[in-house]
Amino acid sequence: MSRNEDQTRLELINPKLRDRGWTEDLIRRERTVGGADIIGGQPRKRRGRTDYLLCLPVNPGQTPLAIALIEAKKEAEFPTLGIQQAQDYRRRFHVPFVFSTNGHLFAEWAEDTGQTVDNLPLARFPTPDDLRTRYEALKGYSLSDDRAKALLMPYKGGEAARWYFQDAAIRASLEKIAQGGSRVLLPLATGTGKTIIAAQLLHKLAQAGQLRRTLFVCDRDELRTQGWTKMHAIFGDNAQIVTTSDPRKNARILIASYQTLNISDQDDEPRFWRENYSPGYFSHIIIDECHRSAWGKWSIILTDNPDAVHIGLTATPRIITGGRQDNPARQADEAITAHNIEYFGEPVYEYPMWMGQEDGYLAASEVVRRVVDLDQQEITREDIEQRTATDPFTGQEVEPQVLEERYTAQQYEEKLMLPDRVRAMCADLFQHLLDTGGPHQKTAIFCVRDTHATMVAQELNNLYQAWCREHGQWPVEFYAFQCTGNPNLRPPAADLIPDFRGSNASHFVATTVDLLSTGVDIPNLENVVFFQYLQSPIEFYQRVGRGTRTGEPRGSKLMFRIYDYTNVTRLFGQPFVSRARPTREGEAEEPSVVEGLPRITELGIPFTTRPLPGLIRVEGFDVHVYGDGRMIVVEEGGQEALIPVEEYEQRLAARLTEEVPTLDELRGCWIWPDKRRELLERLPGDGAAVRLIRALREQDECDLYDVLAELGYGVAARSRAERAAAFSYKQRRWLRDLPGQAASVLKTVAYQFERGGIEELETPHLFDVEEVVRAGGFNALLGLPLPPDKLIQETKARLLAP
């Protein structure tokens with residue numbers, strides 16, 4: 001009988017690798033978090049993927065450097081089989097060499113050759129010295145050089161202080177710096193810890209003696225606070241926030257906003273910057289959210305420090321098109337700051353949203369598309385004249401001559417206040433909340449403008465109060481609340497956000513414009529709602545990113561929903577390209593959400609208080625909202641794409657029945673951990689999609705086996721509790737032939753299936769469970785015709801039997 005994957009690794013691969021110099025300390029196991037399953041209404045951690053990296057020893061006491069990925073296959077499989085998968089993972093781990101082996105032969109793909117070579121005996125596997133020589137030739141430096149020293153420095157807090165993709169991003173950045181590069185672009189999805197990456201990157205540079213002074217610059221107070229928190233955790237009091245009264249010149253790491261540095265677009269002269277930081281003052285500059293082009297003159301930070309290493313962090317690397325050709329100042333500014341790829345060069349490493357969702361570091365998402373019938377047509381002057389049109393600030397009727405000939409959906413709530421539309425959309429959303437767990441879900445609603453956010457919060461509070469009266473519930477305070485940058489808002493947004501983030505008893509629905517779009521972490525956000533039209537993929541992804549965090553505690557949130565009332569989810573997978581917006585001489589400004597709409601800015605950037613010309617309130621429309629399908633976000637061609645849930649289920653079922661044609665084969669595969677893992681990896685979404693389908697079908701009480709059985713073979717799914725209860729009477733004859741105590745133990749083992757499914761019977765602590773110990777424990781299974789491990793396998797097979 002040939003060896004399975006684990007046996008092949010232990011008995012064939014590891015000994016031969018050791019013979020070639022790859023000792024245990026040079027083989028790093030990287031385990032993904034694997035996300036969480038919701039079982040019995042509670043999150044339960046699921047097993048993540050384990051990948052094996054080969055690391056180079058350089059100097060005693062220094063961290064070995066990851067340079068290769070090795071994919072182990074079963075002994076009976078073709079040795080080259082794992083190369084394709086390893087090449088995919090190569091980008092994730094940022095390593096130049098990948099190998100696949102079945103314990104006898106191996107195949108190699110290498111960045112220095114660009115070729116796959118196969119049919120090589122494992123006894124001739126490259127040694128650490130072999131790969132070091134090739135690595136150094138590929139990168140153009142020696143690992144003994146001082147310029148490579150930072151690569152080998154340990155992390156603050158040890159290896160457990162980072163995730164695998166954060167380590168890959170840091171290595172990629174330090175490699176470019178070691179090669180003499182001074183501009184580094186790091187695009188990683190929102191929620192993946194870009195600030196942690198920056199802090200650990202600086203720590204390694206500091207340990208290597210290559211860090212003099214650093215500026216971490218951002219354009220949001222919330223981002224500045226987050227930056228300081230992460231930097232202070234590593235550098236202590238050597239990391240300080242710059243204030244207008246204290247430039248913190250004694251600190252090594254300075255965290256500042258553009259506004260504090262006196263270089264935002266409201267200032268003609270960057271006096272604070274000029275007076276405190278001479279040219280060449282900083283050795284490293286980190287630009288957070290570098291996709292937001294220039295706020296006025298902030299590019300002076302870069303031009304005053306041309307020899308510094310410039311590092312750009314973003315979730316959405318930006319390309320600007322259509323700048324004014326007659327504005328030299330604008331063109332010069334864009335040449336430095338606006339076009340990320342042109343300025344920083346190609347990203348050294350990327351980790352998009354779909355990858356984070358697949359790995360379990362980001363929550364999966366379901367898209368619920370809704371259509372507002374009024375938005376499918378224009379509103380004409382004649383339509384308005386037939387209804388009630390008033391000035392929303394005075395209540396006076398509007399004269400016909402001030403009306404425009406027609407208004408498009410993109411102008412609704414910008415130029416026309418439509419209370420009937422707001423009521424219909426809010427009622428539709430509130431019903432969805434009731435249908436998916438109740439009204440008390442953390443929800444962010446993106447509105448068109450401040451007045452729109454006010455109306456939406458008011459309407460949702462009315463709906464909530466009516467629901468509470470109907471159901472005898474005591475209403476919570478601040479159920480729905482406006483959270484915008486309006487300086488007249490009371491309480492101000494800065495006081496509301498902490499409760500929205502942390503309270504489980506209030507502040508459930510925030511209506512905003514763009515205040516919550518970046519820089520505000522709400523880990524337990526369950527819904528992202530678009531009542532706002534968007535044209536920019538950048539702004540769309542920034543808003544969606546509010547929902548991707550996996551909860552607090554981390555891993556407690558499996559998924560979130562995107563409610564799309566304005567067809568914004570069409571922007572999934574679109575390139576991050578924005579058209580430049582006309583400005584006054586010398587200005588540079590971010591495109592607004594809707595062309596011509598005053599920008600409602602976030603904390604740290606003043607709110608635009610100019611009047612709202614031509615705003616008209618119109619009532620008397622009969623508005624209806626209807627469904628346009630449920631979609632899920634998947635990866636296609638290396639980017640996010642939307643497909644209907646039903647179509648995805650069909651794809652999943654087709655792949656499943658291709659891999660295991662019959663239900664009996666699925667059952668036979670499912671009881672073996674390695675076979676089950678391999679099957680899930682071959683299904684679309686690497687198993688994460690099956691778990692998402694389970695959540696969407698409200699089958700959280702089922703093992704994934706039953707979800708797949710229903711999808712692929714039309715067998716009605718049964719809950720874990722049903723299977724555990726049926727075991728005793730369905731298997732009565734088999735149990736009767738066993739000694740009494742052994743039968744009792746196996747019945748108790750079967751009931752562990754109810755707790756967590758098949759994996760609950762595979763934990764090494766199974767026989768330490770109190771109920772199992774009480775029934776007789778491991779010793780009760782000794783001395784029988786079948787050994788204990790075979791009895792557990794038989795129990796699993798019988799649990800899943802029809």
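Axes, as the word is used for helices here, are lines fitted to C-alpha atoms over the stretch in contact, and the angles between them run from 0 to 180 degrees between N-to-C directions. In this predicted model, the axes of helix H20 (residues 688-696) and helix H21 (residues 704-713) come within 10 Å and cross at roughly 85 degrees. Because angles of 65 to 115 degrees count as roughly perpendicular, H20 is roughly perpendicular to H21. On the H20 side the contact is made by Val-690, Arg-691, Ile-693 and Arg-694, and on the H21 side by Leu-704, Val-707, Leu-708 and Leu-711.

The axes of helix H22 (residues 720-730) and helix H26 (residues 788-799) come within 9 Å and cross at roughly 110 degrees, which makes H22 roughly perpendicular to H26. Here Arg-723, Ala-724 and Phe-727 of H22 meet Thr-795, Arg-798 and Leu-799 of H26, and the residues of this contact divide into three nonpolar, one polar and two charged.

Turning to the nonpolar cores, the largest has 82 residues, and those with the most contacts inside it are Phe-125, Leu-186, Met-231 and Tyr-349. Helix H4 (residues 164-178) gives the most to this core, with nine residues. Apart from this core lies another, of 59 residues, among them Leu-656, Ile-671, Leu-679 and Trp-734. As for Leu-186, once its neighbours within four places in sequence are left aside, its contacts include Ala-169, Ser-173, Ile-197, Leu-313, Val-348 and Tyr-349.

How values were computed
Residues are numbered from 1 along each chain as its sequence is written. This is a predicted model: local features need pLDDT of at least 70, side-chain atom pairs count only at pLDDT 80 or more; totals for chains, interfaces and linings use all residues. Side-chain values use heavy atoms; hydrogens and water are left out. A nonpolar core is a set of buried Ala, Val, Leu, Ile, Met, Phe, Trp, Tyr and Cys residues joined through side-chain atoms within 4.5 Å. Buried means under 20% relative accessible area, exposed over 50%, partly exposed in between (1.4 Å probe, protein chains only). Helices (H or I, at least four residues) and strands (E, at least two) are DSSP runs, numbered from the N terminus. Contact means heavy atoms within 4.5 Å. Angles under 35 degrees count as roughly parallel, over 145 as roughly antiparallel, 65 to 115 as roughly perpendicular and the rest as oblique. Ala, Val, Leu, Ile, Met, Phe, Trp, Tyr, Cys and Pro count as nonpolar, Asp, Glu, Lys and Arg as charged, and the others, Gly among them, as polar.
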